[in-house]
Amino acid sequence: MAFTQHQEFTEWLWLHFVNELFFPVLAEFIFLLSEQWCLEKSVSYQAVEILERFMVKQAENICRQATIQLRGNEKTESQNWRALKEQLFNKFILRLVSCVQLASKLSFHYKIISNITVLNFLQALGYLYTKEELLESELDVLKSLNFQINLPTPLAYVEMLLEVLGYNGCLVPATQLHATCLTLLDLVYLLHEPIYESLLRASIENSTPSQLQGEKFISVKEDFMLLAVGIIAASAFIQNHECWSQVVEHLQSITGIASESIAEFSYAILTHSVGANTPGRQQPVPPHLAARALKAAASSNT
């Protein structure tokens, strides 16, 4: 996507953030940028997690300032609020790129992105920054997160479980599963909302969840272990239908997560990512029958 003005480019990303669509949009941007800079997949996932935590912290700070200013002068409140918004808005792209650079430094055994590379990239977008401003941006991200940037990622859970599956004698080779898992994990980041929305509807067996149910479901969205078993189960279904049930049983034994939950999650990932029904089904399956649909499809191939 080409932008003639860097202000227009920043506004496009920021609008997606405030409209709660930022996650897939920014994830795609980071994935493409990481690919351009030849970074490992683990770096791109780490960068997304760092950016998300940083933006949450910034939102919390703005809300905290607004609460304090409610007791003060209304004119001062308006000015301060505008200043905070403009500061975050104007440096948003710089902060995003700093998150990618910090993530690359965590994976120093692969490739660290140099300041020159970052500055040239920003200049190509129309942003003129100095090395000092770049370092200040990294420091701002670090301070906001209390220097806790080595965050867990879904990929770490996936790779840990794949290693255990290999030791347990899983019939599907871990190397085959790993490649498919990476593809599906990318798709989950890019289709985050529709996948989790369908999972929410399946879990409550209702197509119109209430606000309270949605709020309680946040903990599920943050459960990387559940995401990892869903990714692996979906990958196993793609690689080898006959072995799917065995993989799910192994995952249940390793994690303690119910096979029904694993099946529901893998069903949501498959239907949204590959855009088709499970094998052996010609009509869409209701969400609350997702687990049974997968099990029926798997058993029909044995």
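Does Arg95 count as buried or exposed, and at what relative accessibility? In this predicted model, Arg95 counts as buried, at 9% relative accessibility. The side chain of Arg95 takes part in a salt bridge with Asp140, with 3.0 Å between the closest N and O atoms. Because Arg95 belongs to helix H5 (residues 92-106) and Asp140 to helix H7 (residues 131-144), the pair ties together parts that are 45 residues apart in sequence. Asp140 is partly exposed, its relative accessible area being 27%.

The search of the whole structure gives four salt bridges. One of them joins the side chains of Asp186 and Lys41, with an N to O distance of 2.8 Å. Distant parts of the chain are linked by this pair: Asp186 is in helix H9 (residues 174-190) and Lys41 is in helix H3 (residues 41-69), 145 residues apart. Asp186 has a relative accessible area of 18% and is therefore buried, the cut-off being under 20%. Lys41, with a relative accessible area of 28%, is partly exposed.

A salt bridge is also found between the side chains of Lys221 and Glu193, at 3.7 Å from N to O. Lys221 lies in helix H12 (residues 218-221) and Glu193 in helix H10 (residues 192-204), so parts that are 28 residues apart in sequence are tied together by the pair. Lys221 counts as partly exposed at 25% relative accessibility, and Glu193 counts as partly exposed at 29%.

Terms used:
Residues numbered from 1 in each chain as written. Predicted model: local features only at pLDDT ≥ 70, side-chain atom pairs only at ≥ 80, totals over all residues. Heavy atoms only, no water. Helix = DSSP H or I, 4+ residues; strand = E, 2+ residues; numbered from the N terminus. Buried < 20%, exposed > 50% of the residue type's maximum accessible area, 1.4 Å probe, protein only.
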